Amino acid sequence: MAERILIIAVKMPSENEKRFESSLEELVSLCKTAGGFVEKTITQNRQKIHPAYYIGEGKLAEIKEAAEELDIDLIVSNDELSPGQLRNLSDQSGFQVIDRSQLILDIFAQRARTKEGKLQVELAQLQYTLPRLRGRGEEMSRLGAGIGTRGPGETKLETDQRHIRGRIDDIKRQLKMVVRQREQYRQRRKANEVFQIAIVGYTNAGKSTLFNRLTQSDSVAEDQLFATLDPLTRQIQLPSGFQTLITDTVGFIQDLPTSLIASFRSTLEEVAEADFILHIVDMSNPDLEQQERTVHNLLLELEADTIPMLTVYNKKDLIADDFIPTNHPYILISAHYSDDMNRLLEKIEEVLKTEWDWYSVSLRPDQGDLLHRMEKGTIMTERSFAEDQNMYMLQGYIRHDHPLKGLLKEF
């Protein structure tokens, strides 16, 4: 049975009305994804956040009354709360209180499938919980197994801070080993001349559906936030025969908990190590400009903002009006249309050609291995055999740092 939730939120004078409404709608979706149902939302306009209660003391009575009347299981704050605010709100209302960050951590806990993903979530949960333990002994003991208490770390949330710090150190050690393995894998990919495309975008923009259509695979693609948590990598072939790896990554979201970004840094670095980025945008979402900004800001934080990128405006089948894109280069598609998938692959090649160097080379018939590498590792636009010269004539595009580039100069 879905837990009954009451949302509370404070709107500051500096906050844009549209962004505030968007964040509330997103919080409702997050609650649904976590397995809850939002019964009511209570908001308050304030000049500044109340240092002790987050929301005004006068509003507390209204919150308590509504929670009792609606038989609420959980109160969720739209903003991250300080340890004191969390404790005071819970004590004054008599109900369990969590904030947006804790809710997102809970969803990540449900979504983690791999050992690395589970470790990353547990680390983020423990780092979030540690400063919030003092004075919460009674509250922690009365928590059930509901939203905000789940995940790989749920049995570890004791009030013993030393134990938690020890567990944090242990997880960090384990993750260091995973990071080393991931780094070795990256180095191997580079040595094997493998080109890497990363799919990024706001959560629920349609990344996994697109990934499945391009790779003919069946990764999780639900109409829910954070359906994909652990990155998946598959091989695809572009129309010219050029082969590349493509990775589906975790969805971005505004106000993503800092501890979560830190814990998932090794996973997010897959984006920073990519050679090309597909930024998927839900063009039917009324808040798409804010979502695009959120993704660009996170790419900047990951130092991935200079990587060549194609913006893929998805869900065009849900749009009736004319659409004006804000990013270039771009393409408008629906991930459900096969023709659009073919157009997307062609567009990727088109953009890569503008980034890469043109080449023209002649190869002897006994250089079959090099010819094969050229077919798979470059965008070959022309290939013919000149019988009078007994040579293969090749033309196409190759990336600046490709190991083959040095070999081509010899011919």
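Biologist: How many bridges join strand β1 to β2, and do they run parallel or antiparallel?
Modeller: 9 bridges join β1 (residues 3-11) to β2, and the two run parallel. Strands here are DSSP runs of E, at least two residues; helices are runs of H or I, at least four, and both are numbered from the N terminus. Two strands pair if DSSP finds at least two bridges between them. One caution: this is a predicted model, where local features need pLDDT of at least 70 and side-chain atom pairs pLDDT 80 or more, while totals for chains, interfaces and linings use all residues. Residues are numbered from 1 along each chain as its sequence is written, and side-chain values use heavy atoms, without hydrogens or water.
Biologist: Which residue in β2 stands opposite Ile8?
Modeller: Ile42.
Biologist: What is the strand order in that open sheet?
Modeller: β2-β1-β3-β4, 4 strands with parallel pairing. β2 (36-45) and β4 (97-99) are the edge strands, each pairing on one side only. The twist averages 25 degrees from one strand to the next. Angles run from 0 to 180 degrees between N-to-C directions, with axes fitted to C-alpha atoms, for helices over the stretch in contact.
Biologist: Which strands does helix α2 touch?
Modeller: Helix α2 (residues 57-69) packs on the sheet and touches β1, β2 and β3 (74-77). Contact means heavy atoms within 4.5 Å. The direction of α2 makes about 165 degrees with that of β2. Helix α4 (residues 100-111) also packs on the sheet, touching β3 and β4, at about 80 degrees to β4.
Biologist: New topic. Is Glu26 buried or exposed?
Modeller: Buried, because its relative accessible area is 9%. The cut-offs are under 20% for buried, over 50% for exposed and partly exposed in between, using a 1.4 Å probe and protein chains only. Glu26 is in helix α1 (residues 17-33).
Biologist: What does its side chain make a polar contact with?
Modeller: The side chain of Tyr202, at 2.4 Å. A polar contact is a pair of N or O atoms within 3.5 Å; within protein, one must be able to donate a hydrogen and the other to accept it, and residues adjacent in sequence count only if both atoms are side-chain atoms.
Biologist: Last one. Which strands join β13, and how do they run?
Modeller: β11 (residues 357-363) is joined to β13 (residues 391-398) by 7 bridges, antiparallel. β12 (residues 379-386) is joined to β13 by 7 bridges, also antiparallel. In the hairpin of β12 and β13, Asn390 takes a positive phi near 55 degrees.
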